[in-house]
Amino acid sequence: MDRTITDLYINGKAVPASDGGRFDVLDPATGKVIASVADGTVADAIAAVDAAAAAAAQWAATAPRERAETLRRAFVLMTERAEDLARLITLENGKSLRDARGEMAYAAEFFRWYAEEAVRSAGVVTTAPSGQNRILVVRQPVGVCVLVTPWNFPAAMATRKIGPALAAGCTVVLKPASDTPLTALALAGLLADAGVPAGVVNVVPARRSGEVVSTMLHDPRVRKLSFTGSTEVGRVLLGEAADQVINTSMELGGNAPFLVFADADLDAAVDGAMIAKMRNAGEACTAANRFYVETSVAAEFSRRLAERMSALRLGPGSDENTEVGPLVNEATVSKVDSLVREAVAAGATALVGGRRPSQAGFYYEPTVLCDVRPGSAILHEEIFGPVAPIVTFDDEREAIELANDTEYGLVSYVYTGDLARGLRVSEALEAGMVGLNRGLVSDPAAPFGGVKQSGLGREGGHEGMLDYLESKYIAVQW
Ligand code: NAD
């Protein structure tokens, strides 16, 4: 990386917090401090909105081709700097380098995809049903956007918002998660190097996230909130956004069911399960949270999954051999541990794992639990760790009922050898996305998002840019 930013990034400059405050960022592999970052205040949030508002008209008026080429340069730079950025992600998030490299490829792709979409923001012209006049619909940038991102994909969750926002002609203030602000700040520097004008992208890390975000959501110049994080915080922010009727996109929590029917290719199902469960050590909103396996193949599936999980190498993310890094912080690892303990106390059996290893850092052993009792908290809460609870089912109807028995609806996975069943079940599942014989659904070219309490709106694909555009209808007589 050309330079490391540890201050706020406002109006094209790295600046300290208005009160001089800073906070520490830790390495999850050791628990040691790796950097001190400026802690944004309410005054800083207003300064960032000032910058985004001042830059808005010119960026909106910039030719789509020029916006596209700027994003394309960002893609190229991100690809060139991928290794350094992956190491930075590993340093502050803990994930293995392989996961961090995977995230970088995914994250960069949002800049390329939206470079391509920036010049395809088509409107509509139709003749009114009366035949008397024309209906003209043009798309305009929604305006200044507040973007709030989580720690689990510090680069991809930021580019998935910045890419479409900039393509649409919006300016932004990004509030990254306090566990992982360094990657977001590095992206700000990268975007400046790609030619993004001052004020178009501002980054304000802040530990007082509630106050700082609330201030922005009550500033009349802010017109959109795009949030990725927990359903709990999402609900609070939806309430805050209501005060000014701010346009919202919410990517919230998940509780993904992973269904394996007896007619599935079990090798493929186990491969898919490993990806759906273990990408990012289970710290993903898309992580398979509950495995429902048809009774006749449950013992065999569980045995094979346990064998694969027990072979995973746990260690510091920076070690090239590591397949599973530490979790992000103490709170996350102790939550995983308590969910497992409770499930085991209620009668589940750990086929493998089920405990915290003795080494320092926030590690948890890859774990497979079978005979998990219905009603166990582990089936209803996001685990966000490397634990696979398995429950059996006897028929398709029961599988669908179990899968849909949650307030979440982000993604579901289905493994079956019968295509008709696969499509029927996919349609019946209450989820914004379904992986049918696939353990990975994320693709910058596809609409990502949830139903029920997993969110509102879509990111990625063509839909992703529409979330940053307003449709203006011009009634025309000519
Ligand atoms: P979180 O909700 O605790 O925090 C998300 C962001 O919101 C962070 O930047 C945090 O600082 C900020 N925040 C926290 N409280 C706030 C408040 N009161 N006001 C304003 N901002 C506030 O989530 P997390 O622990 O960082 O991330 C994990 C969660 O994110 C999981 O629930 C996961 O499922 C979800 N997630 C969802 C998606 C998706 O696309 N649906 C993707 C990744 C993660």
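Me: Starting with Lys335, how accessible is that residue?
Reply: Lys335 has a relative accessibility of 31%, so it counts as partly exposed. Please keep in mind that this is a predicted model.

Me: Which residue does Lys335 form a salt bridge with?
Reply: Lys335 pairs with Glu381, and the closest N and O atoms of the two are 3.7 Å apart. The two partners come from distant parts of the chain, since Lys335 sits in helix H11 (residues 330-345) while Glu381 belongs to the loop between E15 and E16, 46 residues apart.

Me: And Glu381, how accessible is that one?
Reply: Glu381 has a relative accessible area of 35%, so it is classed as partly exposed.

Me: How many salt bridges does the structure hold?
Reply: There are 30 salt bridges in the structure. One of them joins Glu430 to Lys452, with the closest N and O atoms 2.6 Å apart. Glu430 is in the loop between helix H13 (419-428) and strand E18 (433-436), and Lys452 is in the loop between E18 and strand E19 (455-456), so this pair ties together parts that are 22 residues apart in sequence. Glu430 is partly exposed at 38% relative accessibility, and Lys452 is partly exposed with a relative accessible area of 36%.

Me: What about Asp219 and Arg221, what do their side chains do?
Reply: The side chains of Asp219 and Arg221 meet in a salt bridge, at 2.8 Å from N to O. Asp219 is buried, with a relative accessible area of 11%, whereas Arg221 is partly exposed at 32%.

Me: Which residues are linked in a network of salt bridges?
Reply: The network links Asp267, Glu300, Arg303, Arg304 and Glu307 through salt bridges.

Me: Changing topic, where is Lys277 found?
Reply: Lys277 is part of helix H9, which covers residues 266-278. The residue is buried and yet has no salt bridge; Glu382 carries the nearest side chain of opposite charge, and that is 9.6 Å away. A salt bridge would need a nitrogen and a carboxyl oxygen within 4 Å.

Me: So which backbone oxygen lies 2.7 Å from the side chain of Lys277?
Reply: That is the backbone oxygen of Val387, which lies 2.7 Å from a polar atom of the Lys277 side chain. The Lys277 side chain also reaches the backbone oxygen of Gly385, at 3.4 Å.

Me: How many residues of E16 are buried?
Reply: Strand E16, which spans residues 387-393, is mostly covered, with 6 of its 7 residues buried.

Me: What does UniProt list for the active site?
Reply: The UniProt record, an unreviewed entry, lists Glu251 as "active site". In the model, Glu251 is found in strand E11, residues 247-251. Its relative accessible area is 2%, so Glu251 is buried. Leaving out residues up to four places away in sequence, Glu251 touches, among others, Arg160, Phe227, Thr228, Leu410, Phe448, Ser454, Arg458 and Glu459.

Me: Which domain does UniProt place at residues 19-474?
Reply: The unreviewed UniProt entry gives residues 19-474 as "domain: Aldehyde dehydrogenase". In the model that span is 41% helix and 20% strand, and its end C-alpha atoms lie 47 Å apart.

Me: Last one, where does Asn329 lie?
Reply: Asn329 lies in the loop between helix H10 (295-310) and H11. Its side chain makes a polar contact of 2.7 Å with the side chain of Thr332, and, leaving aside neighbours within four places in sequence, Asn329 is in contact with Asp179 and Phe362.

Conventions:
Residues are numbered from 1 along each chain as its sequence is written. This is a predicted model: local features need pLDDT of at least 70, side-chain atom pairs count only at pLDDT 80 or more; totals for chains, interfaces and linings use all residues. Side-chain values use heavy atoms; hydrogens and water are left out. Buried means under 20% relative accessible area, exposed over 50%, partly exposed in between (1.4 Å probe, protein chains only). Helices (H or I, at least four residues) and strands (E, at least two) are DSSP runs, numbered from the N terminus. Lys and Arg count as positive and Asp and Glu as negative; His and the chain ends are not counted. A polar contact is a pair of N or O atoms within 3.5 Å; within protein, one must be able to donate a hydrogen and the other to accept it, and residues adjacent in sequence count only if both atoms are side-chain atoms. UniProt positions are given in the numbering used here, feature names are shortened, and annotations may be inferred rather than shown by experiment. Contact means heavy atoms within 4.5 Å.
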